[in-house]
Structures are given as structure tokens and as C-alpha cells.
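Colleague: I am learning to read protein models, and I would like to go through one slowly with you. Could we take the features one at a time, with the general idea before the case?

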Amino acid sequence: MNFNNRRKPASEYVYDDIVIWQCSDCDCWSRNEFVHGDEPLCPMCKGKMSQQVKNIRVE
């Protein structure tokens, strides 16, 4: 039986460099547009977060 696989091949995805906030204590990160304030705290561990750039899918 042939089931119609609707997933796109990995080559069709669009990636871009996005500004994120990365926690210095754990692996938690958040996109810049979802963070409020100039120096946010990590929502998981309440650690300090710093701005970085990450290449993520933006499709």
C-alpha cells in the first residue's frame, strides 16, 4: 500500500539566522520576539539569559 507522504524533503525548508535569548545555566532558549524586557530571566531555571544568533527554520 502506498501512503501519500506529505513531508517536504529537507532541501525545501527555509532557514535563517534569528536573534534568540540563550540561558547560561540550562539549554533553554527563546526567540527575541517572545521575550519581554531588556535582561530576561530563564523561564525554566531563572538563570541569566544572553542574546545570540541561531540558524533555525522559519518557514
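Predicted model: local features only at pLDDT ≥ 70, side-chain atom pairs only at ≥ 80, totals over all residues.

Colleague: Which residue does the side chain of Glu33 meet in a salt bridge?

Modeller: The general idea is that side chains of opposite charge can pair when their charged atoms come close. In this model the partner of Glu33 is Arg31, and the salt bridge between the two side chains spans 2.8 Å from N to O. Arg31 is itself partly exposed, because its relative accessibility is 27%, a value that lies between the limits of 20% for buried and 50% for exposed.

Colleague: How many salt bridges does the structure hold?

Modeller: The structure holds 1 salt bridge. There is also another kind of arrangement that involves a charge, in which the charged end of Arg57 sits over the ring of Tyr13, at 4.2 Å from the centre of that ring.

Colleague: How many aromatic pairs are there?

Modeller: In general, a pair of aromatic rings is described by the distance of the centres and the angle of the planes. Here the count of aromatic pairs comes to 0.

Colleague: Now to the overall fold: how many helices and how many strands does the protein chain have?

Modeller: The protein chain has 0 helices and 3 strands, and from the N terminus on its elements run β-β-β.

Colleague: In what order do the strands lie in the sheet?

Modeller: Strands of a sheet pair through backbone hydrogen bonds, either parallel or antiparallel. In this model the 3 strands form an open sheet with the order 2-1-3 and antiparallel pairing. Strand 2 and strand 3 stand at the edges with a single partner strand each, so one side of each has no neighbour in the sheet. On average, and with direction ignored, neighbouring strands of this sheet are turned by 40° against each other.

Colleague: Over how many bridges does strand 1 pair with strand 3, and over how many with strand 2?

Modeller: Strand 1, residues 15-23, pairs with strand 3, residues 49-57, over 9 bridges in the antiparallel sense, and within this pairing Ile18 stands opposite Lys54. With strand 2, residues 29-31, strand 1 pairs over 3 bridges, again in the antiparallel sense, and there Ile20 has Arg31 as its bridge partner.

Colleague: Where is Lys46 found, and what is its phi?

Modeller: The general rule is that most residues other than glycine have a negative phi, and most peptide bonds are trans. Lys46, however, has a phi near 65°, which is a positive value. Lys46 is found in the loop between strand 2 and strand 3, and because its relative accessibility is 57%, it counts as exposed.

Colleague: Finally, where is the place of Glu59?

Modeller: Glu59 belongs to the segment after strand 3 and is exposed, with a relative accessible area of 53%. Although Glu59 and Val14 are 45 residues apart in sequence, their C-alpha atoms are 5.6 Å apart in space. Across the protein chain, among contacts with a separation of 6 or more, 55% come from residues 24 or more positions apart.

Notes
Residues numbered from 1 in each chain as written. Heavy atoms only, no water. Phe/Tyr/Trp six-rings, centres within 6.5 Å; stacked < 30°, edge-to-face > 60°. Lys NZ or Arg CZ within 6 Å of the ring centre and 35° of its normal. Pairing = 2+ DSSP bridges. Helix = DSSP H or I, 4+ residues; strand = E, 2+ residues; numbered from the N terminus. Axes fitted to C-alpha atoms, helices over the stretch in contact; angles between N-to-C directions. Salt bridge = Lys/Arg side-chain N within 4 Å of Asp/Glu carboxyl O. Buried < 20%, exposed > 50% of the residue type's maximum accessible area, 1.4 Å probe, protein only. Contact = heavy atoms within 4.5 Å.
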